[in-house]
Structures are given as C-alpha cells and as structure tokens.
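User: I've got this model open and want to know what the labels on it rest on. Can you take me through them?

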Amino acid sequence: KKQPHIPEKRTYTLEEKQQLTQDEDFKNACFVTQSYFGRPLGPTQLEHLMYIYDQLGFDLELIDYLVEYCASRGKKCMRYVEATAIGWVQQGITNVTMAKQTGSLYSRLSASVMQQFGISNRSLVPEERAYLEKWLNVYHMPEALIVEACRRTVRATKKGSFEYADSILNSWYKNQIRSMDQVEKADLAHQKARPAAKNSPSRTAKQTSFPQRNYDMDSLEKQLLNTD
C-alpha cells in the first residue's frame, strides 16, 4: 500500500500569515487550541497549526478533535499535536469519524496489552501509554503485530516488559514488516540462518546485542514530548 504524501513544512511569508489570520476557520482553530492548552499560542506554535491547517488540510472539526485527543492524554504541546496529525495522514485519517475509530483502537489495544502482560487492578502509567502511542503513531504497527510482540516478550522474559516489546517492534519497523505473513517469513529466514551462524565467533555478540536498550526512536519520542 502506497503511503500518503506528507508535504514538507515550508516557511510562510508575512503576507501569507496575514491572510491566514483573516481566515475564520483558522482563527477558530487558534481559539480552540488555546482553550484546550489554557494559554495563548506563540509564533512557533502558530506555525505548527498553520502547517496542520494549510498543508495537511485538516478542517476545523478535525483540528478540534485532534487537539482534544492530544490534550486528553496530557500532551499540550504543538510538536506532539503536529506529529499526531502527520501520523493520522499516514494512516489515511481524513475526518473525525475515522479519528475516533483510531481512539477506539487505542482503548482496545490497551486492554489487549494489559491482558498479555498480566496487568490488572491498575491503569497503564504514562510511560507505558507512551510506548503504545509510539507503536501506533510512530511505528504505525497493526494491532495484531503489537499483541504478537507482547506474546513473544512474555515467552522470552517471563514478564511484561514494554522495553523488550519495543525492541521487537522497532526491529520489525526498521525491516518494514507490517503483517503476520511477513513476520512468519522473517522467522523462517532467521531459523535457516541459525545453523550457519552457530559456529560464528560473533554469534554471542549478536545474541547479546538484541535486548540492549539502544533505540533510534527514543530521540524522536523525546523530541515530540518537549514543549516549545
């Protein structure tokens, strides 16, 4: 499936900014965003909103739901709002109905992950929810693969480890694995390669490198969570 085009963010001229500030829908989008954030938007935050409205093509209704969605998760940061908007475009979300279905997916996924990891009598803590949001909005992983990664985590570690599950999903993400068929093919390729690697001097190094906690996407997550 071809990924939707994400326009490159551009710099607006003073005249273009003035035109946008006269646009009633954009002015309402600014008001809605400021209401959810509880503070005025600065120049940098306005540029993020301009990109979402003008270049990504979000209408007022979708921006309203987008900002509500992020604020309800404690993410009152325009960088995070913009990253979520880009994720929705990549998933083909073009209206509030589709966005709400994604919200339902998040709730269902939370329950599935908690079940796999044996988490009961409590809700997911913010750090755990951040992993779910990364798997959905950064890796764009289907629910089935996220659940499978959790199953494999429990088999390998005998416990529910979000970091270990993330290492599996990060590997699939880097290798563009997006379906269970592709996972099975990768497993077969790995099994066929094992006899050849058995006597390799570097085998131990390769084995021990997998669980280490060096993830390329961590820097992106930190960047998304930073406030302007």
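Analyst: Start with pLDDT, which is the predictor's confidence in each residue, from 0 to 100. This is a predicted model, where local features need pLDDT of at least 70, side-chain atom pairs count only at pLDDT 80 or more, and totals for chains, interfaces and linings use all residues. Residues are numbered from 1 along each chain as its sequence is written, and side-chain values use heavy atoms, with hydrogens and water left out.

User: Where does pLDDT stay under 50?

Analyst: Over residues 202–228, where the model has 37 contacts (heavy atoms within 4.5 Å) beyond four places in sequence. Helix H11 (residues 203–209) has the lowest confidence, with a mean of 40, while helix H9 (residues 162–174) has the highest, at 96. Where pLDDT is low, the predicted coordinates should not be read in detail. For the chain, the mean is 83, and 84% of residues reach 70 or more.

User: What makes something a helix here, and how many are there in the chain?

Analyst: Helices are DSSP runs of H or I with at least four residues, strands are E runs of at least two, and both are numbered from the N terminus. On that basis the chain has twelve helices and zero strands.

User: Why is the pair of Phe58 and Trp88 called stacked?

Analyst: Rings of Phe, Tyr and Trp (its six-membered ring) pair if their centres lie within 6.5 Å; planes under 30 degrees apart are stacked, over 60 edge-to-face, and the rest tilted. The count by this rule is ten aromatic pairs. Phe58 and Trp88 have ring centres 6.5 Å apart and planes at 10 degrees, so they're stacked. The pair links distant parts of the chain, 30 residues apart: Phe58 is in the loop between helix H3 (43–55) and helix H4 (60–71), and Trp88 is in helix H5 (residues 78–90).

User: Are Phe58 and Trp88 buried or exposed?

Analyst: Both are buried, which means under 20% relative accessible area, with exposed over 50% and partly exposed in between (1.4 Å probe, protein chains only). Trp88 also stacks with Tyr65, because their ring centres are 6.1 Å apart and their planes at 25 degrees. Tyr65 is buried as well. Together with Tyr69, these residues (Phe58, Tyr65 and Trp88) form one aromatic cluster.

User: How do you know that Arg10 sits over the ring of Tyr12?

Analyst: The rule wants NZ of Lys or CZ of Arg within 6 Å of the ring centre and within 35 degrees of the ring normal. The charged end of Arg10 is 4.3 Å from the centre of the Tyr12 ring. Lys75 lies over the face of Tyr80 too, at 5.5 Å from the ring centre.
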